[in-house]
Amino acid sequence: KVKEYDFRSPKLFTREQLKLLFSIYENYARLLSSHITGVLQTYTYVEIVEVEEQQYYEFNNALPDSVLVGMIDYQIQGGHGDEDLVILDLSKDIGFCAVDRLLGGQGVPLEQDREYTEIELGILENMLRRMVGYMKNIWMDYLELSPRLMKLETNSRILQGIGPDENVVIVVMNITVNDTQGKLNLCMPVTTLDTLFKKKDEQSKRVKKGDQLT
């Protein structure tokens, strides 16, 4: 797979760092598979597809106007004090499928596209809040964070917090619920990832120093 390299927008993360993210969120996909299966009481499979660095406007432009997006603060311990922002995008097919299942249906997506109702958003917010909680588990071996879901957005054109030319890393996952397929995307801006990797390296150095002292 060959891609043109844009020298005006150089890559900021190494292949090793992207591989580490792939491994970490591969564990997250496994946790989500078990969790969502238990919540929906039906077969669910989550699989990580790729981890790719790009500019934020590429990610945002690829989103439909109507979305289900969770704005997450990773709250990295010892971070810079600002919001450690991560964006979670869940495809509407999976969203409506989950709502249908949680309300006693068979778990099928809507045939016609429409906006979520307030009740449906409340149901999905509760589901996403628990999904966000698992993000703490996958980083536990590297550093301490306390991720929280700040709010939901349903209009991709009013998403704020990341500049259009800012580099981001997109973690793409496929979700299958019975016969319904969709995607879950995590958009991680450079500021959040810089803090994650910096704190991870500091933690690794402290562990090595402790091993040498003992």
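A nonpolar core is a set of buried Ala, Val, Leu, Ile, Met, Phe, Trp, Tyr and Cys residues joined through side-chain atoms within 4.5 Å. The structure here is a predicted model.

**The cores**

In this model the largest nonpolar core has 52 residues. Inside it, the residues with the most contacts are Y25, Y74, W139, M173 and L186. Helix α1 gives the most to this core, with 10 residues. There is also a second, separate core of 14 residues, and F59, M71, I162 and C187 are included in it. In soluble globular proteins, nonpolar side chains tend to be buried together.

Take Y74. Neighbours within four places in sequence are left aside here. Y74 then touches Y25 and W139, and its other contacts include D84, V86, M135 and L196.

**Two packed helices**

Two packed helices are described by the angle between their axes and the distance between the axes.

| Helix pair | Angle | Axis distance |
|---|---|---|
| α1 (residues 15-40) and α4 (residues 118-139) | about 140° | 9 Å |

Angles over 145 degrees count as roughly antiparallel. The helices α1 and α4 are therefore oblique to each other. Their crossing is right-handed. The contact is made by residues including L21, Y25, Y28 and L32 of α1, and M131, M135, I138 and W139 of α4. By class, this contact has 15 nonpolar, three polar and one charged residues.

**Helix α3**

Which residues of helix α3 (residues 92-102) are buried? They are K92, I94, G95, F96, C97, A98 and V99. Their cover includes α1 and α4, along with strands β2, β3, β5 and β6. After α3 comes G104, with a positive phi near 100°.

Key:
Residues are numbered from 1 along each chain as its sequence is written. This is a predicted model: local features need pLDDT of at least 70, side-chain atom pairs count only at pLDDT 80 or more; totals for chains, interfaces and linings use all residues. Side-chain values use heavy atoms; hydrogens and water are left out. Axes are lines fitted to C-alpha atoms, for helices over the stretch in contact, and angles run from 0 to 180 degrees between N-to-C directions. Helices (H or I, at least four residues) and strands (E, at least two) are DSSP runs, numbered from the N terminus. Angles under 35 degrees count as roughly parallel, over 145 as roughly antiparallel, 65 to 115 as roughly perpendicular and the rest as oblique. A crossing is left-handed if the near helix is turned anticlockwise from the far one by less than a right angle, and right-handed if clockwise. Contact means heavy atoms within 4.5 Å. Ala, Val, Leu, Ile, Met, Phe, Trp, Tyr, Cys and Pro count as nonpolar, Asp, Glu, Lys and Arg as charged, and the others, Gly among them, as polar. Buried means under 20% relative accessible area, exposed over 50%, partly exposed in between (1.4 Å probe, protein chains only).
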